[in-house]
Amino acid sequence: MLVYIILLILLCLLCAFKEKRWPLIISFISLLVVAGFRDQSVGTDTKNYESLFNSYETEIDMMYHAKEPLYLLLHYFVAYNGWGYSTLMFFSSAIVIILLYVYTIKVSPRPNYTILCFFLLYYYFYSFNTIRQYQAMMFVLLAWNYQMRKNY
């Protein structure tokens, strides 16, 4: 819990800097490290995802029952390279956070406040539980942004 409180204080302090890019880099690395290297007991669905990944690892043919093609591709990529579930957690968290930052930098006049709101409004913590849905939400968020700008 102390890590999350320190992260909150860090994000609040980084909001004091208006036009600088380095606070975004610091907050990005901080959020990615905490989310990507968290313990597998953090998040209610994390154990289920781990058991699902381990069953995929033993039988790669069984992997095709998932309906999300990009998440399935990520599973296959990690399993094919022989990496473990912690690598999958890191890549999943990286996808969510990278897409959030891409959207935030493109749209928000004060991106540090947007990242702070993402953290304070529980979306950051909720993304620990429903990884597949949050990855899809971030892709939809970017697609909506491009749709609104008519940038096809």
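The model is predicted. The protein chain has eight helices and zero strands, and its order along the sequence is α-α-α-α-α-α-α-α. Of the 152 residues in the protein chain, 39% are buried.

**Overall chain**

- Among contacts in the protein chain with a separation of 6 or more, 66% join residues 24 or more positions apart.
- The protein chain has an accessible surface of about 9000 Å², and carbon and sulfur atoms account for 68% of that surface.

**Helices α5 and α8**

- Helix α5 spans residues 85-107, and helix α8 spans residues 131-148.
- The axes of α5 and α8 lie 9 Å apart, at an angle of about 25°.
- Angles under 35 degrees count as roughly parallel, so α5 and α8 are roughly parallel to each other.
- The crossing of α5 past α8 is left-handed.
- On the α5 side, the contact is made by Ser-92, Ile-95, Val-96, Leu-99, Leu-100, Val-102, Tyr-103, Lys-106 and Val-107.
- On the α8 side, the contact is made by Ile-131, Tyr-134, Gln-135, Met-138, Phe-139, Leu-141, Leu-142, Trp-144, Asn-145 and Tyr-146.
- By class, the residues in the contact of α5 with α8 are 15 nonpolar, three polar and one charged.

**Gln-135 in α8**

- Gln-135 is located in helix α8 and is one of the residues through which α8 meets α5.
- The relative accessible area of Gln-135 is 6%; buried means under 20%, so Gln-135 is buried.
- With neighbours within four places in sequence left aside, Gln-135 is in contact with Tyr-71, Leu-74, Ser-92, Ile-95 and Val-96.
- Tyr-71 and Leu-74 are in α4, whereas Ser-92, Ile-95 and Val-96 are in α5.

**Helices α4 and α5**

- Helix α4 covers residues 69-80, and its axis comes within 10 Å of the axis of α5.
- The axes of α4 and α5 cross at roughly 140°, in a right-handed crossing.
- Tyr-71, Leu-74, His-75, Phe-77 and Val-78 form the α4 side of the contact.
- Thr-87, Leu-88, Phe-91, Ser-92 and Ile-95 form the α5 side.
- This contact of α4 with α5 comprises seven nonpolar, three polar and no charged residues.
- Ser-92 and Ile-95 of α5 meet α4, and Ser-92 and Ile-95 are also among the α5 residues that meet α8.

**Helices α2 and α6**

- Helix α2 runs over residues 22-36 and helix α6 over residues 111-120.
- Their axes come within 10 Å and cross at roughly 20°.
- The two helices α2 and α6 are therefore roughly parallel to each other, and α2 passes α6 in a left-handed crossing.
- Pro-23, Leu-24, Ser-27 and Leu-31 of α2 are in contact with Pro-111, Asn-112, Ile-115 and Phe-119 of α6.
- The residues of the contact between α2 and α6 fall into six nonpolar, two polar and no charged.

- Tyr-122 lies in the loop between α6 and α7, and helix α7 covers residues 123-129.
- The phi angle of Tyr-122 is near 75°, a positive value in a residue other than glycine.
- Tyr-122 has a relative accessible area of 48%; exposed means over 50% and buried under 20%, so Tyr-122 is partly exposed.

Definitions and conventions. Residues numbered from 1 in each chain as written. Predicted model: local features only at pLDDT ≥ 70, side-chain atom pairs only at ≥ 80, totals over all residues. Heavy atoms only, no water. Helix = DSSP H or I, 4+ residues; strand = E, 2+ residues; numbered from the N terminus. Buried < 20%, exposed > 50% of the residue type's maximum accessible area, 1.4 Å probe, protein only. Contact = heavy atoms within 4.5 Å. Areas by Shrake-Rupley, 256 points an atom, 1.4 Å probe, with all protein chains shown as cover. Axes fitted to C-alpha atoms, helices over the stretch in contact; angles between N-to-C directions. Parallel < 35°, antiparallel > 145°, perpendicular 65-115°, else oblique. Left-handed = near helix turned anticlockwise from the far one by under 90°. Nonpolar A, V, L, I, M, F, W, Y, C, P; charged D, E, K, R; others polar.
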